[in-house]
Amino acid sequence: MNKSISLYKLAHARTGDKGNRSNISVIAHHPEDFSLLQKELTEEKVKAHFGFRNPSAVKRYELPNLMAFNFVIDDVLDGGVNLSLNLDSHGKSLSYWLLAMEINIDCK
Amino acid sequence: MTDIYRVACAAGFSGDRTDVARPLVDELLRQGGPSCLIFESLAERTLALAQLERHQNAQMGYEPLLSEMLEPVLADCINGGIPIVGNFGAANPEGAAKLIASIAKQKGLPNIRIAIVKGDDVSAAAFRSKLEALLSPEDQAILAKSTLVSANVYLGAQEIANALIAGAQVVVTGRVADPALTVGPLMAHFKKDWSDWDFLGAATMAGHLLECGAQVTGGYFADPGIKDVPGLAQVGFPIVEFDAQGNICVTKPPSTGGLVNRMTVTEQLLYELHDPAKYLTPDVIADITKAHITDLGGDRVSLTGVLGHPKPDTLKANVCIDGGWLAEAEISYAGFNAYARAQLAANIIRERLSDLDLRIDFIGASSIFSGDTGEGPQFKSKEGFEDIRLRVAAAHGDRNQALRVCREITALYTCGPAGGGGVRTSLKPRLNTLACFIPRELVKASYEFFEG
């Protein structure tokens, strides 16, 4: 049987920004969840999750020593801190949008 | 760890708290041993804002809170042999040095040695054509239609280190890479070779952990019930202990709030990082792919295994240009059917300002997560009793065109839907930044001592 839970239950995250590029770290709370996130948290899924902001590319870097991933999402900030009209022009709260993503888990 | 050098960071941005240096300096003095205090106060746009300020008044253009930052601790640092390094010079390092000298004099320290790092400003007319040639064709076209406000290269740590070795008690810089504020003192103390890449890599990541101040000690981390942080109102700022092998331990003064654990350090280690194998700085390319973080307990976390690779051939420069005007205006609709009334107001604004690119937020129902196009997740209150703040934003090169946003929202008071209130409007100049990479040999960094 499969069910899904939000990424928020499995990981914590922080956003940074450079120009029109956002980077979001995702850090597993428990080491045993790292491989699940490795399988579920693909570049394609993350790109689709941010689809409404039209990112041009998503790159995932893996840091197994740190139980962490770093997602670099291009052109997702409406021009970035200087040009975006968003109240959160740095996109700082985007980490919590990523944490809202649903993750499929196997229930045996 | 033997032969420990401590670096404490008392500011993570321009405008950060100014009461945080005191507990840091008290802790450095209590621990004894070699140490320094750094202030990181320049973000991407801060320097351009400082340039604008200097254009208005040639005496200004350095960190506005410089006095408040240094006054509480300057005498104890000087008397305790703790050098101070800060990029608080911003657009006017000489002005900052002059102010620091006058504070020192008031404190009965008339002869302190203040070094000024120079060479980051590449906005001079003589350099303009070289600079423009280094921009991408798209950015050249943008610059051609705008006014250059500032152009600064991110300098490395060598001038800071040289100044400290020559006896500087305070080092004032303008634009340097943020980690350079930490790398400079560590290189001056440990006297490593500037091609000891692993040491430079570790020093750089130590600086990276420090450069946002409280972001590694529990600031920007708390999520009640999930990630609780004690004493956040009095969050302590970080201290890094560094040894000759490049081992790092992050901690904070025990008298302060906040926390240092594996989670806070991991979040900050990856903050504003792209490829973890290639963190580019002027001094080294740092690599954390083999790094380990160990929670030692008691607000002590170690970072080991950072590697370094030879420094890049180019230096990054930030070119700041005039970006026109940003207008923002807000009005609230609350109570029954508020969201529908706010939507009606938005439609009126869209009709009245159809020639402008508007962003419209219904705060309380939809904001933040959606893009500037307005697409994205939304929720609507179930009860029919709502509290919606309508926000309209637009940017324009012409001040009067941007100002129409403010006027039209204000007019909603009498010409719009029922019950609108709480209009706030603002019109601000915008700055836009362009980046380019300058061959190292074109940049001449130096330092000199301030002569009062």
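1. A salt bridge is taken here as a side-chain nitrogen of Lys or Arg within 4 Å of a carboxyl oxygen of Asp or Glu. By that rule the side chains of K18(A) and E272(B) form a salt bridge, with an N to O distance of 3.8 Å. Please keep in mind throughout that this is a predicted model.

2. The rule finds 2 salt bridges across the interface of chain A and chain B, and it also finds 23 residue pairs in polar contact there, both residues of each pair being at pLDDT 80 or more. On the side of chain A that touches chain B, strand 2, strand 3, strand 4, strand 5 and helix 3 (94-98) of chain A each supply at least two residues. The most comes from strand 2 of chain A, which gives 7 residues. Sorted by class, that side of chain A has 18 nonpolar, 13 polar and 8 charged residues.

3. As to extent, 39 residues from chain A and 53 residues from chain B take part in the contact. About 3,900 Å² is buried between chain A and chain B, and carbon and sulfur atoms give 55% of that area. Within chain A, the residues that lose the most area to chain B are R14(A), N82(A) and L85(A), which together account for 22% of what that side buries.

4. Chain A has an open sheet of 4 strands in the order 2-3-5-4, with antiparallel pairing. Its edge strands, each of which pairs on one side only, are strand 2 (11-18) and strand 4 (57-63) of chain A. From one strand to the next, the twist averages 20 degrees. Strand 2 of chain A pairs with strand 3 (residues 21-28) of chain A over 8 bridges in the antiparallel sense, and A13(A) stands opposite V26(A) of strand 3. Helix 11 (residues 262-269) of chain B packs on this sheet, where it touches strand 2, strand 3 and strand 5 (68-74) of chain A, and its direction makes about 30 degrees with that of strand 2 of chain A.

5. Chain B has an open antiparallel sheet of 3 strands, in the order 9-10-13, whose edge strands are strand 9 (279-280) and strand 13 (307-309) of chain B. Strand 10 (residues 285-287) and strand 13 of chain B run antiparallel and are joined by 3 bridges, with H309(B) of strand 13 as the bridge partner of I285(B). Helix 10 (residues 197-210) of chain B lies across strand 9, strand 10 and strand 13 of chain B, and runs at about 115 degrees to strand 13.

Note on methods. Residues are numbered from 1 along each chain as its sequence is written. Chains are lettered from A and ligands numbered from 1 in the order in which they are written. This is a predicted model: local features need pLDDT of at least 70, side-chain atom pairs count only at pLDDT 80 or more; totals for chains, interfaces and linings use all residues. Side-chain values use heavy atoms; hydrogens and water are left out. Two strands pair if DSSP finds at least two bridges between them. Axes are lines fitted to C-alpha atoms, for helices over the stretch in contact, and angles run from 0 to 180 degrees between N-to-C directions. Contact means heavy atoms within 4.5 Å. Buried area is the accessible area (1.4 Å probe) that two parts lose on being put together, summed over both. A polar contact is a pair of N or O atoms within 3.5 Å; within protein, one must be able to donate a hydrogen and the other to accept it, and residues adjacent in sequence count only if both atoms are side-chain atoms. Ala, Val, Leu, Ile, Met, Phe, Trp, Tyr, Cys and Pro count as nonpolar, Asp, Glu, Lys and Arg as charged, and the others, Gly among them, as polar.
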